[in-house]
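Hi everyone, thanks for coming.

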Amino acid sequence: MNILVIKCGGSIINELSESFFTSVKELQSRGYQIVFVHGGGPDINSMLEKYEIEPVFENGLRKTTTEVLEVVELMLAGKSNRCLVHKLEAHGIKAVGLNGSDGGILTGEYIDEKKLGAVGEIHQVDTELLGLLFEKGYCPVLTPISTTEDGNKLNVNADMAAGSVAKALSAEMCLFVTDVKGVLKNQQIIEKLTETETKALITDGSIYGGMIPKVNTALSVLNKGVEKVMIVSGKDHFYENGQFIGTKFLQEEGVF
Ligand SMILES: Nc1ncnc2c1ncn2[C@@H]1O[C@H](COP(=O)(O)OP(=O)(O)O)[C@@H](O)[C@H]1O
Ligand SMILES: CC(=O)N[C@@H](CCC(=O)OP(=O)(O)O)C(=O)O
């Protein structure tokens, strides 16, 4: 089975284009089984604003107090997930929305509870339920919410959660769909990037903010054997005539 993990960024989830869904359907018709993992950063921020809570980020990760966690789950599971499932269904793509923690799919651990609160990273992905949904022709649509082994809820960065799902499923491809055409430098898209080139762009400040966890996860997924890892836009076609459009991550020359 050819598995494709699509991470759909909160930056674009409410504005996905018709072309995006055309690309998804074309890939499905070519036999790809698709799992969606989504974010919802802007939706979370706007609800926090209503509660008059200031969002705080450390290296792209949201500091998550108990109060913030409630809003994160409310927005990810109650708004962003519903929005994506509804749009997929409206385009004839059979989709089932789940919290990442449902059925024990995503299990994780705190990264640094003192500094970040309930922010986690994934340690285990149970793929059983995902397999059952594939068999019946459904695309699972997961929030990045996870739980610790003791059952405490964790807020996980959606890029990182998607990367863990791609590795656990030995996916053939992992695509990070966002609001830009790919990694840009001087407003030009960079079509191919190795790890060394990516690190240099982080160091010189060309890659910043939410793009940092995205490229770091992309590199980690590539190093775990996922063949095709790309950052693409949800505003246009990301797949047309057998070609992907965006930034592709490449192994360094000589690394196999
Ligand atoms: N070199 C870069 N190329 C493109 N976008 C970048 C770059 N560095 C930082 N960004 C920012 O990263 C954003 C995408 O990350 P983010 O907002 O976290 O998206 P998402 O919600 O899709 O995960 C872009 O909109 C842009 O503002
Ligand atoms: C720990 C952490 O930062 N979690 C993220 C989860 C959502 C997310 O990652 O959304 P995007 O895809 O829009 O970035 C957050 O609270 O914003």
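**The sheet and what surrounds it**

Let's start with the sheet: eight strands make up an open one, running 5-8-2-1-11-15-18-14, with mixed pairing. At the edges you'll find strand 5 (95–98) and strand 14 (192–193); each has a single partner strand, so one side of each has no neighbour in the sheet. Do keep in mind, as we go, that this is a predicted model.

Now look at strand 1, residues 2–8, and strand 2, residues 32–38: these two pair in the parallel sense, over seven bridges. Within that pair, Ile6 sits opposite Phe36 of strand 2. Packed on the sheet is helix 8, residues 211–223, which touches strand 11 (173–178), strand 15 (228–233) and strand 18 (247–249). The direction of helix 8 makes about 155° with that of strand 15.

How does this line up with the records? An unreviewed UniProt entry carries the annotation "domain: Aspartate/glutamate/uridylate kinase" over residues 3–233. In the model, that span is 40% helix and 25% strand, and its end C-alpha atoms lie 20 Å apart.

Let's finish at ligand 2. Which residues come nearest to ligand 2? Of the 17 around it, they are Gly10, Gly39, Gly41, Arg62 and Ala158. Helix 2 (41–50) and strand 4 (61–62) are the elements giving two or more residues to that shell.

Technical notes
Residues numbered from 1 in each chain as written. Chains lettered and ligands numbered in written order. Predicted model: local features only at pLDDT ≥ 70, side-chain atom pairs only at ≥ 80, totals over all residues. Pairing = 2+ DSSP bridges. Helix = DSSP H or I, 4+ residues; strand = E, 2+ residues; numbered from the N terminus. Contact = placed C-beta atoms within 7 Å. Axes fitted to C-alpha atoms, helices over the stretch in contact; angles between N-to-C directions. UniProt positions renumbered as here; feature names shortened; annotations may be inferred. Near = placed C-beta within 6 Å.
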